[in-house]
Amino acid sequence: MARASSSRKKRPSQPRWRLWMKRALIACGGLALVGLIALTVAVFATAQQLPSFEELKSSPNGQMIRVHAADGTVIMTLGPSYGEWLSYDQIPKVMRDATISTEDRRFRDHIGIDPIGVLRALKFAFVNRNTDRRFQGASTITQQVARTIFLSNRYDIRRKFKEAIIALALERKFSKDQILELYMNKVYYGGGAYGVDAASRKFFGHSATHLTLGEAAVIAGLVKAPSHYSPTADADAAIGRAGVVLQLMQETGAITSDQAAQADVAAIKLAPEPKQNSVRYFTDWALPQLDTLIDEKTRPLEVYTTLDLNMQRDATRAVNQNVPKGAQGALVALDNDGSVRAMVGGKDYVASIYNRATQAERQPGSAFKLFVYLAAFESGLKPDDTIVDEPVTIKGWSPRNDDRVFRGTVTLRQAFAYSINTVAAKLGLQVGFDTVADMARRMGLTTQISAYPSMVLGTNEVRLIDMTRAYASVANEGVAVSPYGITKVTADGVTIYEHQVDRSHVLIAPYVADEMIDVMASTVNVGTGRAADIGRPVAGKTGTTQSNKDGWFIGTSSGLTTGVWMGRDDDKPIPGLFGGTGPARAFAAFMKPAVADRPVEQFKSAAPLPDWDMENAENAYFGEPDNGLFVDENGNPIGPDTGYPGDQPDMIPPDTQGYPPGAVQQPQYQQPQYQAPQYPAGSYPPPQVHRGTTPGGAPAPGGSVPPASDDAPPRQHQRLDQDWMNRVLGRTPSGRRPANDDQPPPAAAGQGH
């Protein structure tokens with residue numbers, strides 16, 4: 001009996017799996033409790049560290065840059081743009097309801113994260129596990145505020161965990177209305193617009209305080225995919241998305257079906273996009289320079305520039321009204337301190353953002369002769385010195401004048417004014433082609449300059465802004481001009497950069513600059529640049545390349561230097577394009593209003609005007625292609641008998657070929673009867689350049705040099721080396737000009753070498 005009684009008292013043992021389950025539940029409960037405690041501590045700690053509501057209102061998203069013209073006008077805004085901050089009560093109710101219905105319909109009920117929303121997203125992912133639609137957003141409005149203000153958009157588990165902690169802390173510290181206010185003033189709506197007011201102004205042209213139901217639906221629908229649903233990018237997609245928003249508002253009871261029907265989102269008028277005018281050529285060139293000027297990467301910047309809006313408007317009009325059909329045009333205007341006042345890189349920025357003023361490399365034609373004559377004047381020659389216009393052959397290259405006529409003795413002033421090619425070739429030979437190339441580099445050309453003989457006629461490729469800079473440096477009495485577009489940059493009202501003009505770099509002596517201005521003024525007064533006359537002193541130069549592919553005019557007046565280029569991007573010929581036509585006319589059309597309010601500045605060295613300067617401007621000589629003959633497209637010499645396509649025999653008497661009667665001494669020969677002299681390669685007689693009179697004071701005979709004395713030693717050919725150049729130019733070994741400026745070079749002494 002005792003054994004039976006003891007067996008009844010013994011209980012059966014529990015299965016082992018139940019023990020494991022119980023222990024696991026206890027462990028999970030403990031971990032959950034620890035996690036909850038840790039989460040609570042983290043949330044409270046984060047809430048204590050959060051900025052105040054006022055501080056959160058003032059924190060920007062990204063760096064905004066506002067660009068100002070010279071008069072302070074805002075011409076461009078880059079980066080995020082913000083409208084006015086609207087308080088909760090200022091935001092229309094339809095906008096608040098549309099946002100909550102679309103983004104977080106349980107916003108008023110959850111604690112910052114929405115477990116129901118998370119479960120709904122998981123269910124959606126399971127149902128669509130084998131499709132491309134596996135994910136559905138589960139972030140609450142509070143989580144989006146946390147991500148927008150404190151985190152990035154990178155998607156990973158760590159970021160989502162931080163987002164949840166911050167969202168719970170936000171709900172702990174701020175009210176629902178404050179969180180919604182932060183959201184609607186901070187969230188990105190596309191098109192660079194942050195906040196509901198910026199979006200309303202961008203897409204509808206008015207403040208968000210006056211949003212209609214349909215407009216509110218359009219804006220609320222943008223948050224999901226701003227770039228896809230942006231009205232400016234795809235109006236149909238934006239309207240379709242707005243219809244979805246109205247349906248969601250009906251489901252949440254925010255509006256009735258009748259109100260949704262009356263919204264008529266298809267009839268909403270969008271604000272037109274501002275035109276991308278020619279100002280963008282300037283800003284595209286100037287703003288990248290900020291990276292080298294400042295280090296500020298976060299604070300909003302105010303960038304003040306040199307651009308004159310009136311000049312920019314006039315420049316755009318001048319180019320478009322004078323450029324040949326099918327061609328492009330560019331213009332740069334520089335003040336003598338280097339400030340860029342206007343920049344046009346093409347006829348239409350929307351059609352082509354390629355900046356032909358700063359990027360295009362084209363042959364300048366005779367506009368390049370600036371450097372030839374600068375080198376000549378620096379060597380001691382003067383504008384009134386004479387030189388023989390005659391055929392010349394240099395290393396197989398035989399340049400000819402555009403009208404195929406040679407004029408005998410002319411002054412350097414006349415040769416420059418009428419762009420006589422043989423004279424430029426002779427000057428290049430005398431001073432040295434390397435010297436001319438060095439002068440071009442010294443004056444600011446940044447492209448490759450090769451020193452083959454035909455380079456004196458502009459066969460190297462250059463940029464318009466560099467050429468304009470060189471001419472501006474001459475107008476600035478030889479002091480270097482460096483183009484700049486940014487005058488000042490401020491951040492939070494504090495100046496962090498201010499441009500300082502450097503006037504210490506002297507490129508050429510002032511007297512050389514004055515002599516250059518002298519001959520440049522003759523170009524406009526009586527030469528190829530007459531169309532650039534604006535009723536006040538102007539000095540400049542035309543340029544026209546082979547087959548009329550490029551036309552140039554660069555000139556200066558009243559402290560403003562302007563360069564104009566015209567041509568085709570595909571480098572095809574343009575019939576009727578000369579530097580003295582479209583480019584010179586565009587220069588005049590721009591410069592007349594540009595300098596109208598500036599005092600008239602007389603040049604220090606006034607060029608004398610011949611008797612024919614009153615000739616009818618209608619008959620002014622504009623010039624044919626002027627960058628030389630017998631050179632291939634790469635600037636290499638070709639045979640003198642090759643010629644160029646379209647060359648025709650002279651059928652017009654010399655006096656009627658554009659030069660005013662008596663302008664220069666007529667030659668006693670014509671090219672067909674003249675056999676160009678030939679010399680062994682590398683050994684040439686020096687060009688016959690001399691002062692305007694013989695030693696006895698009589699005019700020098702045309703086509704000759706003053707006779708040598710009977711006891712003069714016989715002349716011999718000498719190689720063109722540095723020693724020869726030092727002797728013939730009277731230079732010291734360092735290449736400096738002799739101290740006695742009045743002493744004529746040896747060529748005037750009767751040696752002819």
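Start by selecting Thr102, which lies in helix H4 (residues 93-103). Keep in mind that this is a predicted model.

**Stop 1: Thr102**

Is Thr102 buried or exposed? Thr102 has a relative accessible area of 16%. Buried means under 20%, so Thr102 is buried. Now show the side chain. A polar atom of the Thr102 side chain sits 2.7 Å from the backbone oxygen of Ala98. Next, display the contacts of Thr102 beyond four places in sequence. They are Ala220, Arg241, Val245 and Leu248.

**Stop 2**

Two packed helices are described by the angle between their axes and the distance between the axes.

Which residues meet here? On the H4 side, select Met95, Arg96, Thr99, Ile100 and Glu103. On the H8 side, select Leu180, Tyr183 and Met184. Colour the contact of H4 with H8 by class: 5 residues are nonpolar, 1 is polar and 2 are charged.

**Stop 3: Gln262**

Move to Gln262, in helix H13 (residues 257-263). Gln262 has a relative accessible area of 66%, so Gln262 is exposed. Gln262 and Leu213 are 49 residues apart in sequence. Draw a line from C-alpha to C-alpha: the distance between Gln262 and Leu213 is 9.0 Å.

**Stop 4: H16 and H23**

Select helix H16 (residues 309-322) together with helix H23 (residues 582-594). Their axes come within 9 Å and cross at roughly 155°. Angles over 145 degrees count as roughly antiparallel, so H16 is roughly antiparallel to H23. The crossing of H16 and H23 is right-handed.

Show side chains on both helices. H16 contributes Met311, Asp314, Ala315, Ala318 and Asn322 to the contact. H23 contributes Gly582, Arg585, Ala586, Ala589, Phe590, Pro593 and Ala594. What is the class make-up of the contact of H16 with H23? There are 8 nonpolar, 2 polar and 2 charged residues.

**Stop 5: Asp571**

Check the backbone: phi of Asp571 is positive, at about 65°, although Asp571 is not a glycine. Asp571 has 35% relative accessibility, so Asp571 counts as partly exposed.

**Stop 6: Asp492**

Now select Asp492. Where does Asp492 lie? Look in the loop between strand S11 (486-491) and strand S12 (494-498). Asp492 has a phi near 55°, again a positive value in a residue other than glycine. With 56% relative accessibility, Asp492 counts as exposed.

**Last stop: the whole chain**

Zoom out and switch to a cartoon view. The chain has 24 helices and 16 strands. Colour by burial: of the 753 residues, 51% are buried. Finally, draw the contacts between residues at least 6 apart in sequence. Of these contacts, 72% join residues at least 24 apart.

Conventions. Residues are numbered from 1 along each chain as its sequence is written. This is a predicted model: local features need pLDDT of at least 70, side-chain atom pairs count only at pLDDT 80 or more; totals for chains, interfaces and linings use all residues. Side-chain values use heavy atoms; hydrogens and water are left out. Axes are lines fitted to C-alpha atoms, for helices over the stretch in contact, and angles run from 0 to 180 degrees between N-to-C directions. Helices (H or I, at least four residues) and strands (E, at least two) are DSSP runs, numbered from the N terminus. Angles under 35 degrees count as roughly parallel, over 145 as roughly antiparallel, 65 to 115 as roughly perpendicular and the rest as oblique. A crossing is left-handed if the near helix is turned anticlockwise from the far one by less than a right angle, and right-handed if clockwise. Contact means heavy atoms within 4.5 Å. Ala, Val, Leu, Ile, Met, Phe, Trp, Tyr, Cys and Pro count as nonpolar, Asp, Glu, Lys and Arg as charged, and the others, Gly among them, as polar. Buried means under 20% relative accessible area, exposed over 50%, partly exposed in between (1.4 Å probe, protein chains only). A polar contact is a pair of N or O atoms within 3.5 Å; within protein, one must be able to donate a hydrogen and the other to accept it, and residues adjacent in sequence count only if both atoms are side-chain atoms.
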